[in-house]
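Subject: Structure handover

Hello,

Here is the structure I promised to pass on. Please look through it first; my notes on what was found follow below.

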Amino acid sequence: MSVFVHPGRHRVAVLVRHGLLPFELGIAHRLFGRALSAAGEPLYEVVTCALVPGEVRTDSDVTMNVAYGPEALAEADTVLVPAANEPDAPQAEGKLDAPLTGAFARIRPGTRIASICTGAFVLAAAGLLDGRRATTHWQEADRFRELFPAVALDPDVLYADEGEVLTSAGDAAGIDLILHIIRRDHGAAVAGEVARGSVVAPHRDGGQAQFIRRPVPERRGGSTGAARAWALTRLDRPLTLRELAERESMSVRTFSRRFRDEVGMTPVQWLTQRRLERARQLLEESDLPVDRIAADAGFGTAASLRQHLHTALGVSPSAYRATFRGSAAHH
C-alpha cells in the first residue's frame, strides 16, 4: 500500500534520523505544502520517514513519532535528508551503516536527492557527491573535506545545485534550498507566493555567502544596502560601479570590498543575478517580446539575454518561457 495518497502530485520523502532538528523538518512541510497551482491545488505531497518507524529523538526535549519507514523512499520523486545532531556513521566514519545503505538502495534511479546542513555527509557517504560541487555548514567544512576528498566542497555558499543532487548549508539555508527547488520546478511566481506566505525572503541566491564577516558596519553608512535598493529600481539602465559607490559616498575600492563582505559576491555578479531574476519574472508572467524583456531587465539586447540565461540555466528565453507558461497553463 502506498504511503503517498495524492496521485499526480510531486512526492517528497523526508528521511529523518535520531538527533533530528525539528526546524529542518518543519520547513520542508511548511514550504512544499504552501506551493499551489493556479487553481489552488497543492503541487507537492510530503511524508516523513525514518530508518525504523516509531520514535525519533530530536536535538531538543521532544521526540517525533514517525509513521513510515524507508519504503517511502521507493515512491519519492524527491528525497530530502536533514541534519542529525547525534553522531552516526556518515559523520564519524564517512560511510553509510547497514540501515542507511538499505534505505538508499530503495531510492529509484533518477530521483532528486537534497540535503540540509550536515545531511550532506549522508549524501557524500552514499557516493552521490563525488566529483560534484557541494556545501554543508561552514563549521563542519574541515571534517567534511577530511572524510570526502573527492567532493568539490564550497563552504561559502548557501546551497549548491548539481541537477539531481542538491546540498545546502546551515538550518536557514534549507529555506533557500527548498524555495530554489520550488522555483526550479514551478517558476518564480509560485516560489514567491510560498515565500510571502511564510514571511521569508523570496530569493537568496545560492552563491551568497553563508554568513557576513562584518555583521555590524564599522560606522553609520558603512552598509551598501542603500545602493542595492537604488539599483533595483533602475535595472533597465546601464549602471556603473562608480555610480553605485557614489550612492554610499565611498570610493570604488572601498565600496567593492564592503559589498563583497556583505553580499558574498561582486557588485557586477549581483547586478547580473538581479537582472536575470527580472528577466525570468517577465518571461513567466508577461507576453512581452524577448527584446523588450532584455531591455527592461538591463541586458540591452536579446542576444545578451540569451547568452546570460543560457550560461545560468542552460536554456534559451523562448524555451524558459515555454516551460513555465506551459506549466502554469496545465496546473
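**The sheet and its helices**

Strand β9 is joined to strand β10 (residues 165-168) by three bridges, and the two run antiparallel. Within this pairing, Y159 is placed opposite S168 of β10. Please keep in mind that the model is predicted.

These two strands belong to an open sheet of six strands, ordered β2-β1-β5-β6-β10-β9, with mixed pairing. At the edges are β2 (44-50) and β9 (159-161), each of which pairs on one side only. Direction ignored, neighbouring strands of the sheet are turned by 15° against each other on average.

Helix α1 (residues 22-34) lies across β1 (10-16), β2 and β5 (78-81), and runs at about 160° to β2. Helix α6 (residues 173-186) lies across β2, β5, β6 (112-115), β9 and β10; its angle to β10 is about 150°.

**Aromatic rings**

The count of aromatic pairs comes to six. One of them is the edge-to-face pair of F121 and F144, with 5.1 Å centre to centre and 85° between the planes. F121 is in helix α4 (residues 119-125) and F144 is in helix α5 (residues 141-147), so this pair ties together parts that are 23 residues apart in sequence.

F121 also forms an edge-to-face pair with F148, at 6.0 Å centre to centre and 70° between the planes. This second pair links distant parts of the chain, 27 residues apart, since F148 is in the loop between α5 and β8 (152-153) while F121 is in helix α4.

Through these ring pairs, F121, F144 and F148 are linked into a cluster. Are its members buried or exposed? F121 counts as buried because its relative accessibility is 1%. F144 is buried at a relative accessible area of 0%, and F148 is buried at 6%.

Elsewhere, R228 lies over the face of F259, at 5.8 Å from the ring centre.

**Helix α11**

Helix α11 (residues 267-285) has 19 residues. From its first C-alpha to its last it reaches 27 Å, close to the 27 Å expected at 1.5 Å a residue. Buried residues in α11 include P267, W270, L271, R274 and R275. Further along α11, L276, A279, R280, L282, L283 and E284 are buried too.

Regards

Notes
Residues are numbered from 1 along each chain as its sequence is written. This is a predicted model: local features need pLDDT of at least 70, side-chain atom pairs count only at pLDDT 80 or more; totals for chains, interfaces and linings use all residues. Side-chain values use heavy atoms; hydrogens and water are left out. Helices (H or I, at least four residues) and strands (E, at least two) are DSSP runs, numbered from the N terminus. The expected span of a helix is 1.5 Å times one less than its number of residues. Buried means under 20% relative accessible area, exposed over 50%, partly exposed in between (1.4 Å probe, protein chains only). Two strands pair if DSSP finds at least two bridges between them. Axes are lines fitted to C-alpha atoms, for helices over the stretch in contact, and angles run from 0 to 180 degrees between N-to-C directions. Contact means heavy atoms within 4.5 Å. Rings of Phe, Tyr and Trp (its six-membered ring) pair if their centres lie within 6.5 Å; planes under 30 degrees apart count as stacked, over 60 as edge-to-face and the rest as tilted. A charge sits over a ring if NZ of Lys or CZ of Arg is within 6 Å of the ring centre and within 35 degrees of the ring normal.
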